[in-house]
Amino acid sequence: MLEEQTRQAARLESMLSKENITAAWLSVKANSGAAGVDGKSIRQTSDLLRKHWESIKSKLLAGTYRPSAVRLKDIPKAGGGTRTLGIPTVLDRMIQQAIHQRLSPLWETEFSEHSHGFRPNRSAHDAIREGQSYIQAGKGWVVDIDLKSFFDEVNQDILMRHVAQKVEDKRVLRLIGSYLRAVRQSPDGSREKRIKGTPQGGPLSPLLANIYLDPLDKELEGRGLSFVRYADDIAIFTSSERSAQRVLESVIRWIEKTLKVPVNRDKSGSGPTDQSSLLGFRLYSDGRIGVAPKSIQRMKARVRALWNAQQNRTSKELRDQWRKYIIGWWNYFKLAEGQWEVVDLSGWIRRHIRKCFWLRWSVPRGRRNALKRLGIKNRSLGMAWSRKGAWPIARHWVMHQALPNARLEHYGFTVPWMIAKAGN
């Protein structure tokens, strides 16, 4: 009976049912996102679906539907450099989401307990806590394995063989294959065919990545290794340097032979856990969780960019973009138990905020008027004509009196961990 339910769920008719398509559309709409190569927004695609969905559905069922090209867009990577996203049209995102909704439950119960990325009710924090538990159990060495450009290197034949183990409907397999091979369109309008990889940017890609890497999870489980995986981030915990080195070499060989994706040996390695990082966190040898130094450096670079006085933004826009970034950052990193690295930056961040406002006040008369509005009186207003640089001025007591911490917080120029600290 269960096999029959699985077979029916994996059929194209089930994926294109009114219930499933409606849920897929609501999911895509909620995620918003940019238009694809057709230039159609969410609203424009909604109009298209009202008029032409039955015709599109008929083509899908007949196997004659062809996905549009994916629009390539480079976005900055957290560790530097860029990552290329392939943005499908809104229509293709809805169809991919509909496929995902039916296929995900078929694999979910069989995926490893040590896999945390792009899965329901799991998060990066779960992976960090699992890593912490290994260290507390005495496994103080970690093997980090970096799969080189994983999403671009996936072997599509191997991937489709895995998918076909649960999906018998040839139309579904052909449709997934057509999404994998969808033409890529660069910003200059040039196009190229894809013969390998699973493009990042579509709703189906994360599931396909987990399906592809599930055999690796099973291999590591079979060896009795302690590991966590979040998408293509893999960390294996051992109790000694010698075993870490042995695991590193043997797992790299297995990955390159079986999965046929290259391992970046320059970024892979082994060492004590407190000299490594996992998903932006540092795991100390006593099991405490901290923020990795690279994460701190990236945050500091972002602070400088967000408080660059040359931005053509109002004070409200500066505040809103700051709040969006720093509250999201803190919601992720507040898991850290050792927060001194972050708390120590509070004054430095506020100094950047004060520096930004000083520069935006621009000329002595403008600075004097701003200081006066903020309650500065008498001879202290003479600082408006100071020839000191903006950075030294930002720590001057007059600027602290004009823009004290409480006033910055009142107007939304938030340092969220200080609010949390004050509330404890």
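In which sense do strand β1 and strand β4 pair, and over how many bridges? Strand β1 (residues 70-76) and strand β4 (residues 184-185) run parallel to each other and are joined over 2 bridges. The model shown in these views is predicted: local features need pLDDT of at least 70, side-chain atom pairs count only at pLDDT 80 or more, and totals for chains, interfaces and linings use all residues. Residues are numbered from 1 along each chain as its sequence is written, and side-chain values use heavy atoms, with hydrogens and water left out.

**View 1. An open sheet is built from 4 strands.** Follow the order β2-β1-β4-β5 across the sheet, and you will find mixed pairing. The edges belong to β2 (82-87) and β5 (191-192), each of which pairs on one side only. Here, strands (E, at least two residues) and helices (H or I, at least four residues) are DSSP runs, numbered from the N terminus, and two strands pair if DSSP finds at least two bridges between them.

**View 2. Strand β1 meets its partners β4 and β2.** Towards β4, Val 70 stands opposite Arg 184, and Arg 71 stands opposite Gln 185. Towards β2, the strands run antiparallel with 6 bridges between them, and here Arg 71 faces Ile 87.

**View 3. Gln 185 sits in strand β4.** Is Gln 185 buried or exposed? Gln 185 counts as buried because its relative accessibility is 17%; buried means under 20% relative accessible area, exposed over 50%, and partly exposed in between (1.4 Å probe, protein chains only). Leaving aside neighbours within four places in sequence, Gln 185 is in contact with Val 37, Val 70, Arg 71, Leu 72, Ser 190 and Arg 191, where contact means heavy atoms within 4.5 Å.

**View 4. Helix α16 (residues 364-373) has buried residues and, on the other side, exposed ones.** Arg 367, Ala 370 and Leu 371 are buried. These residues lie on the same side of α16 because they cover an arc of only 95° around the axis, the arc being that of the directions from the helix axis to the C-beta atoms. On the other side of α16, look for the exposed Arg 365 and Arg 373. The cover over the buried residues includes α15 (346-361) and α18 (397-402). Just after α16 comes Gly 375, with a positive phi of about 100°.
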